Amino acid sequence: MPSKKALIRRPSPRLAEGLVTHVEREKVDVELAQEQWEAYAETLRAHGWETVEVDPEDDCPDSVFVEDTVVMYKNVALITRPGAESRRAETAGVEEAVARLGCSVNWIWEPGTLDGGDVLKVGDTVYVGRGGRTNAAGVQQLRAAFEPLGARVVAVPVSKVLHLKSAVTALPDGTILGHIPNVDRPSLFPGFLAVPEEAGAHVVLLGGGKLLMSASAPKTAELLADLGHEVVTVDISEFEKLEGCVTCLSVRLRELYA
Ligand SMILES: NC(=O)NCCC[C@H](N)C(=O)O
C-alpha cells in the first residue's frame with residue numbers, strides 16, 4: 001500500500017542564524033517559528049499524513065528545511081550534498097531516518113552539490129534546477145540515480161531565486177505555477193500558470209486535490225480556489241524570512257511499501 005508519511009525536523013534554537021542569499025536579513029522570532037512549525041506539522045497530520053521526525057540537528061541553523069537534504073523517487077532516497085557547506089552536517093540524521101523507514105539509499109558525491117529544493121517532480125518528469133546550490137555534477141548524479149528507475153530528468157537554469165522550487169511548483173494536474181519575475185525560462189515548462197505573488201508559486205499537494213500554501217499569498221489562493229482547488233493555508237512568516245517556503249519544511253514519502 002502506498003504510504004502517506006512525511007519527514008519533518010524541528011527548528012534549531014539557532015534558526016535565526018540561518019542563511020540568507022537573495023533577501024535582506026530580517027530578525028527571526030524563534031519562538032513564533034516553533035509555533036508555526038508545530039501548526040504546519042499539525043496541518044499535515046490533519047490531512048492524513050503521518051509525520052516522522054528526523055532527530056534534531058541543533059547546531060545547524062537551517063536544519064528545519066529538511067527538503068534540501070533528501071530527494072525521493074519511488075522508494076529510493078537520494079541523500080544530497082547541500083550546496084552550502086554549513087548545511088552538509090544535516091544529512092547524516094536524515095540518512096538514518098530514511099534507512100529506518102526502509103528506503104533504498106543513494107548519495108550525491110563530491111564534487112556534486114544538490115539541494116532538494118532544486119528538484120520538482122511532476123509524474124515521472126523530474127525537473128532539476130542548476131543554480132546557486134546545485135551544480136552540473138549534482139545534476140548528472142541525479143540523472144544517473146533516477147533515469148534507470150524510469151524518470152525523465154530535465155535540467156533548467158535557476159538564477160533569480162534560491163532554488164527551483166522557490167520559483168515553480170506544480171498543481172495535481174501537472175500545471176506549473178510560477179511568479180514570472182522569479183522564473184528564468186517559463187517556456188521550458190508545459191502548461192505554465194503565472195501567479196501574482198512570489199509565495200503563490202509554492203504549493204504542497206496534500207492529497208485529495210488539496211493544496212497547502214503560505215498565508216502570504218492570498219491573491220493566488222483566491223485564484224486557485226476560483227479554479228476549483230481546495231486551498232489550506234499556514235502562516236510560515238518566520239521561515240520565509242530565511243527564504244524557506246511551504247515545500248521545504250517536509251519531505252513526503254508516498255511510495256514506500258513497508
Ligand atoms: N527548499 C527550500 O526552500 N529551502 C529553503 C532553505 C533556506 C535556507 N535558509 C538556505 O539558505 O539554505
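Student: What makes A6, I8, W49, T51, L206, L212 and S250 contacts of L44?

Tutor: Contact means heavy atoms within 4.5 Å, and L44 meets that with each of those residues, leaving aside its neighbours within four places in sequence. Keep in mind that this is a predicted model, where local features need pLDDT of at least 70, side-chain atom pairs count only at pLDDT 80 or more, and totals for chains, interfaces and linings use all residues. Residues are numbered from 1 along each chain as its sequence is written, and side-chain values use heavy atoms, with hydrogens and water left out.

Student: Why is R81 said to have no salt bridge?

Tutor: A salt bridge needs a side-chain nitrogen of Lys or Arg within 4 Å of a carboxyl oxygen of Asp or Glu. For R81, the nearest side chain of opposite charge is E110, 4.1 Å away, so there's no salt bridge.

Student: What does the side chain of R81 reach, then?

Tutor: The backbone oxygen of G112, at 3.0 Å. A polar contact is a pair of N or O atoms within 3.5 Å; within protein, one must be able to donate a hydrogen and the other to accept it.

Student: Where is R81 placed?

Tutor: You'll find R81 in the loop between β4 (76-79) and α2 (91-100).

Key: Helices (H or I, at least four residues) and strands (E, at least two) are DSSP runs, numbered from the N terminus. Buried means under 20% relative accessible area, exposed over 50%, partly exposed in between (1.4 Å probe, protein chains only). Lys and Arg count as positive and Asp and Glu as negative; His and the chain ends are not counted.
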